[in-house]
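Here is a short briefing to read alongside the structure. Have the viewer open, and take the topics in whichever order you like.

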Amino acid sequence: MPDNFLPAGVEYLRILPEIILTVAGTLIMLLEGLAGDSVKTRNGPGYLALFALVAAIPASLVAGANPGFAFSNLLVIDGFATFFRVLVVVVGILTVLVSFQYLRRENASSSEYFGLILFSVTGQCVMASSNELIMMFIGLEISSISSYVLAGYLRDDKRNNEAAIKYFLLGSFATAFFLYGIAWIYGVTGTTNLDQIRYALLSHDVASSSILVGVAASLMLVGLAFKVSAAPFQIWAPDVYQGAPAPISAFLSAGPKAAAFAIFLRLFMTSFQPISGRWAPFVWSSALLTMVVGNFAALTQSNIKRMLAYSSIANAGYVLVAIATHSAIGTAAAMFYLAAYAFMNVGAFAVVTHFSRQGERFVNIDDLAGLGWKQPVTAALFSVFLLSFVGVPLTGGFFGKFYIFKAALDGGYTWLAILGLLNSAVAAYYYLRILVVMYMKEPGESCENLSPLAPGVSLALWGSALATLVLGIFPSVILNFARGSATLGR
Amino acid sequence: MPASNGVPLNWYLILSAILFCLGIAGFLYRRNVITVFMSIELMLNAVNLSFVTFSYQFKQVDGHIFTFFVMVVAAAEAAVGLAIILTVFKNRQTLQVDDVNSLKN
């Protein structure tokens, strides 16, 4: 038995966010049995979840202030992990804020819901800090299994059922590919530690089995492409985001996706960095296909959730452009873009949550007609998010795209940057169409009986809009942090 | 390797690859949700076979441990998956994947 068999105290400090979230999630599940489901106690689990998530932010920062490995190198806490931990926790906070009103409106019980959100965020935190294929797999599954349940949370709603079954089947299918890739990497290199895989790939012993390494890396690429909804494995995303409850669509397209990109970046920039010349062509061709498929399919959508789903696919394409450059600048650009994207996307879905009313009746783009006159504040906040999607200066989306295309130019992918820019021009059409509908059409019956913004939704909207503008006006704050932590190949 | 009694380790890997491909084929071509789900389980077990084989070859326990994790996760996935399948059946009275297609533009 090694003398350091018991983990040191500082190692517990390094997983403080996960500890807080797991304890709170378990507590919520236990308290449900004690409190029953009376109206009085209904918001309790939500407040507890909110408290735990808010506490997880300083906990992540404390963990980040004590960088290093934890639990026999299973986890690594560095700037990269801290960045993504804070990001997924913030997405969790925004989702919880939006959900209060939604659950009351749909008359759904809330304890499992908030418990599952906490567990899902825990899984994403584990993914962000994993330094070992085992931890990646476990984090991915903790996050995914909770998300499958959340996608079908309203059990009697047919759309929810369909979203859940599609998400579940395709998600598990993707996991199997990822796992088979892990098995072969283990078989070729004899280890599942990311750094040791890197050393093994740099050595000459493994060069003889380069085909097997390629097969293993492709299997893992397929699994991850499913999770980040990259073409040609994006088919599940529109159905799932359209069918799931609106706050959960917001959550799924921001949190788990950011975490999946975190393991994508860590795996490919650390372990597979020595063979980057071999995987880069696959990533850029997928990036190109993802952008084209997402943007052109979004053009013809009439359902706003489905349109945002295709937009989320297209945005995954931009992040893949940054990854394809396989450089530290590209990694930093991807991190910045994921942060900017999370805020604008959660904000847009929060507006949809507010507007759709009970049973999500009003989810067509045309239903938004006249919102600019009925509720000017909501419409104005929505416009901020849409302009950020388009990439208008002074919004986070502008600098996100700017850094990504700059990384592509620096990496010698000039034509990819040009095609990406053309794609964002196409995208401008469907985002601006919503603005036109909101401000230039007469209010129809869909705008009648629209209740004022609930406090939680209002807070989430203002917070996301503020974050979008801050990222657009002072981008260097986040970007410098991202740059400082983007060097993953140690 | 005396303990393998003459069965070369490669055969286990080939068997695992065949099982994995059968799982993919089942996922893509079967139309019953339960069968599709079983195909996924088959793929996970094919992975387990690979892990155990590699672990035996390296004389390490890492692969065995990984197999336990996969089994636990597969059990959790089965619990959630069957519950989801049940709600779908309750609302639609069908288990054919092609009939679960109401989400469109």
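Which hand does the crossing of helix 7 of chain A and helix 10 of chain A have, left-handed or right-handed? The crossing is left-handed, a word used when the near helix is turned anticlockwise from the far one by less than a right angle, with right-handed for clockwise.

Please keep in mind that this is a predicted model, in which local features need pLDDT of at least 70 and side-chain atom pairs count only at pLDDT 80 or more, while totals for chains, interfaces and linings use all residues. Residues are numbered from 1 along each chain as its sequence is written, and chains are lettered from A and ligands numbered from 1 in the order in which they are written. Helices (H or I, at least four residues) and strands (E, at least two) are DSSP runs, numbered from the N terminus.

**Helix 7 with helix 10 in chain A**

- The axes of helix 7 (residues 158-189) and helix 10 of chain A come within 8 Å and cross at roughly 155 degrees; axes are lines fitted to C-alpha atoms, for helices over the stretch in contact, and angles run from 0 to 180 degrees between N-to-C directions.
- Helix 7 and helix 10 of chain A are therefore roughly antiparallel to each other (angles under 35 degrees count as roughly parallel, over 145 as roughly antiparallel, 65 to 115 as roughly perpendicular and the rest as oblique).
- Among the residues that meet here are A:F177, A:F178 and A:W184 from helix 7 of chain A, and A:L219, A:M220 and A:F226 from helix 10 of chain A; residues are in contact if their C-beta atoms, placed from the backbone, lie within 7 Å.
- The residues of this contact of helix 7 with helix 10 of chain A divide into 19 nonpolar, three polar and one charged (Ala, Val, Leu, Ile, Met, Phe, Trp, Tyr, Cys and Pro count as nonpolar, Asp, Glu, Lys and Arg as charged, and the others, Gly among them, as polar).

- The buried residues of helix 11 of chain A include A:W236, A:D239 and A:Y241.
- Their cover includes helix 6 (133-151), helix 7, helix 12 (246-271) and helix 14 (304-324) of chain A.
- Helix 12 and helix 14 of chain A pack at an angle of about 15 degrees, with their axes 12 Å apart, and are therefore roughly parallel to each other.
- The crossing of helix 12 and helix 14 of chain A is right-handed.
- That contact includes A:F261, A:F264 and A:F268 of helix 12 of chain A, and A:A316, A:V319 and A:I323 of helix 14 of chain A.

**Where chain B touches chain A**

- On chain B, 33 residues are in contact with 36 residues of chain A.
- Helix 1 (9-29), helix 2 (33-58) and helix 3 (62-92) of chain B are the elements that give two or more residues to the side of chain B that touches chain A.
- Helix 3 of chain B supplies the largest share of that side, 16 residues.
- By class, the side of chain B that touches chain A has 22 nonpolar, eight polar and three charged residues.
- The axes of helix 6 of chain A and helix 3 of chain B come within 10 Å and cross at roughly 10 degrees, and that makes helix 6 of chain A roughly parallel to helix 3 of chain B.
- Their contact includes A:F137, A:E141 and A:Y148 of helix 6 of chain A, with B:F66, B:F69 and B:E77 of helix 3 of chain B.
- By class, this contact of helix 6 of chain A with helix 3 of chain B has twelve nonpolar, no polar and two charged residues.

**Backbone details**

- Most residues other than glycine have a negative phi, and most peptide bonds are trans.
- A:N73, in the loop between strand 1 (68-70) and strand 2 (75-77) of chain A, has a positive phi of about 65 degrees although it is not a glycine.
- A:L394, in the loop between helix 17 (376-390) and helix 18 (396-410) of chain A, has a positive phi near 75 degrees.
- A cis peptide bond joins A:A231 and A:P232, with omega about 0 degrees.
- A:P232 is found in the loop between helix 10 (210-227) and helix 11 (236-243) of chain A.

Methods: Two residues are in contact if their C-beta atoms, placed from the backbone, lie within 7 Å. A residue is buried if 20 or more other C-beta atoms lie within 10 Å of its own, exposed if 12 or fewer, and partly exposed in between; C-beta atoms are placed from the backbone.
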